[in-house]
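Let's take a friendly walk through a protein model, one step at a time. Have the sequence and the 3D view ready as you read.

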Amino acid sequence: MDKDGVGVVFDLGEPHRIDEVTLRTTLLGWQFQLRGSDDRTSFPKPIFSVEGPSVFTADQTSTTIRFLPVRFRYFLVWITELAEGEGGYQATIAEAQFSSG
């Protein structure tokens, strides 16, 4: 089985207008995409930041991604590359914050 990533789905309970996501991590260097949907089983396209990229690196303990407003119930943090940590390759999400400016 060949996968291009693994993800964590966040359920906001109902659709919300979001234009910013902040992820806090204890491990730096892993990469991810953000995806949104109203169907928790299908996240077809990545969300692009206002700067253009759709793949982001957790290069600080707190990484904030800003994008044009979207309205979804479910958000997927799709981890595309792991960082080397104690015991092997991994990624950590200590906290995720979804907001609208």
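W30 is buried, because its relative accessibility of 0% falls under the 20% cut-off. Keep in mind as you look that this is a predicted model. F32 is likewise buried, at a relative accessible area of 0%. The rings of W30 and F32 form a tilted aromatic pair, with 5.2 Å from centre to centre and 45 degrees between their planes. How many aromatic pairs does a search of the whole structure find? The search finds 5.

F75 is buried, with a relative accessible area of 2%. F98 has 18%, and because buried means under 20%, F98 counts as buried as well. F75 and F98 also belong to one aromatic cluster, together with F10 and F72.

Now let's turn to the strands themselves. Strands of a sheet pair through backbone hydrogen bonds, either parallel or antiparallel. Here, 5 strands form an open sheet with antiparallel pairing, in the order β3-β2-β4-β1-β7. At its edges are β3 (56–57) and β7 (95–99), each of which pairs on one side only. For β7, the partner is β1 (residues 6–24): 5 bridges join these two antiparallel strands. Which residue in β7 is the bridge partner of L23? That is A96.

Definitions and conventions:
Residues are numbered from 1 along each chain as its sequence is written. This is a predicted model: local features need pLDDT of at least 70, side-chain atom pairs count only at pLDDT 80 or more; totals for chains, interfaces and linings use all residues. Side-chain values use heavy atoms; hydrogens and water are left out. Two strands pair if DSSP finds at least two bridges between them. Helices (H or I, at least four residues) and strands (E, at least two) are DSSP runs, numbered from the N terminus. Rings of Phe, Tyr and Trp (its six-membered ring) pair if their centres lie within 6.5 Å; planes under 30 degrees apart count as stacked, over 60 as edge-to-face and the rest as tilted. Buried means under 20% relative accessible area, exposed over 50%, partly exposed in between (1.4 Å probe, protein chains only).
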